[in-house]
Amino acid sequence: MEKITKDQGIMDIVTTHPETLEVFAQYGMGCIGCAAARFENLEAGAKVHGIDVDEMVEAMNAIIEKNAGQ
């Protein structure tokens, strides 16, 4: 399983792992429809929103791992 990293593009993450939308919502990043989401990486988007990107990456990888085990 490929893990999410903070260097990945937001839209790349959502396209590859739609289950991460739940994590974006939990962290208040409703920017999926935002134009910036098309070119920003996760770290840049999290920084703009004042979010701990490492914590968010952990949450995303946990939900992906959970879904892979089902």
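Predicted model: local features only at pLDDT ≥ 70, side-chain atom pairs only at ≥ 80, totals over all residues.

Q: OK, so is Asn61 buried or exposed?
A: Buried, because its relative accessibility is 9% and the cut-off is under 20%.

Q: Where is Asn61 in the chain, and which residues does it touch?
A: Asn61 is found in helix H4, which covers residues 53-68. Leaving out residues up to four places away in sequence, Asn61 touches Lys3 and Ile4.

Q: What about Arg38, buried or exposed?
A: Arg38 counts as exposed, because its relative accessibility is 64%. You'll find Arg38 in the loop between helix H2 (21-26) and helix H3 (42-48).

Q: Let's zoom out. How many helices and strands are there?
A: Four helices and zero strands. Going from the N terminus, the order is simply α-α-α-α.

Q: And how does the radius of gyration fit with a compact globule?
A: It agrees: a compact globule of 70 residues would have a radius of gyration near 11 Å, and this chain has 11 Å. The C-alpha atoms fill a box of roughly 35 × 20 × 20 Å along the principal axes.

Q: What share of the residues is buried?
A: Buried residues make up 37% of the 70.

Q: Switching to charges. How many salt bridges turn up?
A: Two, in a search of the whole structure. In general, side chains of opposite charge can pair when their charged atoms come close.

Q: Which residue does Glu43 pair with?
A: Glu43 forms a salt bridge with Lys6, and their closest N and O atoms are 3.9 Å apart. That pair links distant parts of the chain, since Glu43 is in helix H3 while Lys6 is in the segment before helix H1 (10-16), 37 residues apart.

Q: And what about Asp54, which residue is its partner?
A: Lys6 again: it forms a salt bridge with Asp54, with the closest N and O atoms 3.8 Å apart.

Key
Residues numbered from 1 in each chain as written. Heavy atoms only, no water. Helix = DSSP H or I, 4+ residues; strand = E, 2+ residues; numbered from the N terminus. Rg over C-alpha atoms; globule rule 2.2 N^0.38 Å. Buried < 20%, exposed > 50% of the residue type's maximum accessible area, 1.4 Å probe, protein only. Contact = heavy atoms within 4.5 Å. Salt bridge = Lys/Arg side-chain N within 4 Å of Asp/Glu carboxyl O.
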